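Let's take a walk through a protein together, one piece at a time.

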Amino acid sequence: MHDIRAIRETPDHYVKGWTAKGLSGETLVGQVVALDAKLRAAQTGWQAAQAERNDTSKKIGAAKAAKDEPEAARLMAAVEALKGRLEAEQAAEREAGAALNDLLAGLPNIPAADVPPGADEHANVEVRRWGEPFAIANPKDHTDLGEGLGLMDFEAAARMSGSRFVVLKGQLARLERALGQFMLDIQTREHGYTEVSPPLMVNDAAAYGTDKLPKFGDTMFQTTDGRWLIPTAEVPLTSLVMGQIVAEEELPMRLTALTACFRSEAGASGRDTRGMIRQHQFYKCELVSIVAPEKSEEEHERMVGCAEAILKRLELPFRTMLLCAGDMGFGAKKTYDLEVWLPSEGRYREISSCSNCGDFQARRMDARTKAAGEKGTRFVHTLNGSGLAVGRTLVAVMENYQDENGRIAIPQALHPYLPGLTHIG
């Protein structure tokens, strides 16, 4: 959500920001300002009518005390007439307020000043690269490798659940489980994140507060009683501070969770239909930070490093990309993507996205912080990132650690999690 006062006082900043995200910034700012003016006019009208009614009511008492019944009757009629005006002003205020809130709820965050301009991924900027792509002659993709080993079954999954699901078996299922546990251990033991086991279903308020509603309702699964299956653990982890005032001494809050995630993949028809890259259900180790406003940029860089550490431990080649304004997510003011090398495609593919949302989510969920001894509160800043997506990491391990016989070597960092197992197949 956006600060209406800031839009009113610095409209050019919002025109520029929304235009950078591919929207008609000038038109949108004009609509916001017009609705805000309408709302304030209705509020002023209601206050004036209320003040007039109160003043007239006092005069009724004075007229009755003076036994001036005709004047008292006239004043009582005037009060009754004001009732209709008050109701009309209240209705106008509700209508303008709802329209303004609906408009603001659908407008994305404003890019940070150092976010590069651009309309899509072609304008993203490579920040750094780590590791050299594996030299593999005629690499197989993960689907052929998994099916060749008899440990990955898309047909069985389709029979019971439809497309975009997979059944993993035996050592491949163990490898997936080991990856998730490895990520969770690194983030908690070495990077200071607190492990959380959150609900996998949330209500409208949590989905709205983390900017998934109303814009992305068609990308999520909803239960028959109105709850939402989480598309990422970002939603319940960030919602831990929804409606709360957190003492500034308790910040930063660094939270992590390894959960199943569910996405309808609406709009992804024809994209990555083969394999595990884009699934309706997958596991992810999520990172969330709740920080004081002046700490969010520093925390963002730290979070990216925590995600990169997993890829380095697994010795998987990757690059870190700074997203341009047009390629960023709805709630982000700045985003880094980590892209891992996939030999079968001969290119880097996204495996983690780490975003600084500033106070965008905090305003939607009314999450604040208060320093000791201070009377006022401030909105916290929220950040989220993958540390990492487990399914895509499994894909990267399978493809980068394959040999000419279709076997898959186990990365050294995972040996403690898979005792006695050095290869799959």
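You're looking at a predicted model, so local features need pLDDT of at least 70 and side-chain atom pairs count only at pLDDT 80 or more, while totals for chains, interfaces and linings use all residues. Residues are numbered from 1 along each chain as its sequence is written, and side-chain values use heavy atoms, with hydrogens and water left out.

First, the whole thing. Among contacts between residues at least 6 apart in sequence, 73% join residues at least 24 apart. Buried residues make up 48% of the 425, where buried means under 20% relative accessible area, exposed means over 50% and partly exposed is in between, using a 1.4 Å probe and protein chains only.

Now find the eight-stranded sheet. It is open, with mixed pairing, and its order is β1-β10-β11-β12-β15-β9-β8-β4. Two strands pair if DSSP finds at least two bridges between them. At the edges sit β1 (125-130) and β4 (194-195), each pairing on one side only. Where does β4 attach? Two bridges join β4 to β8 (residues 253-262), and these strands run parallel; glutamate 195 has threonine 256 in β8 as its bridge partner. On to the next pair: β8 and β9 are antiparallel, with 10 bridges, and phenylalanine 262 is partnered by glutamine 281 in β9. β8 is mostly covered, with eight of its 10 residues buried.

What lies over this sheet? Helix α10 (residues 296-313) lies across β1, β8, β9 (281-291), β10 (318-322), β11 (334-342), β12 (347-356) and β15 (381-389), running at about 5° to β15. Helix α12 (residues 390-400) also packs on the sheet, touching β8, β9, β11, β12 and β15, and its direction makes about 35° with that of β15. For these angles, axes are lines fitted to C-alpha atoms (for helices, over the stretch in contact), and the angles run from 0 to 180 degrees between N-to-C directions.

Let's look inside. A nonpolar core is a set of buried Ala, Val, Leu, Ile, Met, Phe, Trp, Tyr and Cys residues joined through side-chain atoms within 4.5 Å. The largest one has 50 residues, of which Leu172, Leu175 and Leu179 touch the most other members. Several elements each supply at least two residues, including α7 (170-190), β9, α10 and α12, and α7 gives the most, with eight. Leaving aside neighbours within four places in sequence, leucine 179 is in contact with Leu314, Val390, Thr393, Leu394, Val397 and Leu414.

Is glutamine 187 buried or exposed? Glutamine 187 is buried, at a relative accessible area of 0%. Beyond four places in sequence, its contacts include Tyr193, Thr256, Cys285, Cys306 and Gly387.

What about disulfides, meaning pairs of cysteine sulfur atoms within 2.5 Å? The count comes to zero. Cysteine 261 has its closest cysteine sulfur in cysteine 285, 10 Å away, which is too far for a bond. For cysteine 354 the closest is in cysteine 306, at 8.7 Å, again too far.

Last stop: a three-stranded open sheet, in the order β7-β13-β14 with mixed pairing. β7 (245-247) and β14 (378-379) stand at its edges with a single partner strand each, so one side of each has no neighbour in the sheet. Strand β13 (residues 368-370) joins β14 through two bridges, running antiparallel, and arginine 368 stands opposite phenylalanine 379 in β14.

Definitions and conventions. Helix = DSSP H or I, 4+ residues; strand = E, 2+ residues; numbered from the N terminus. Contact = heavy atoms within 4.5 Å. Disulfide = S-S within 2.5 Å.
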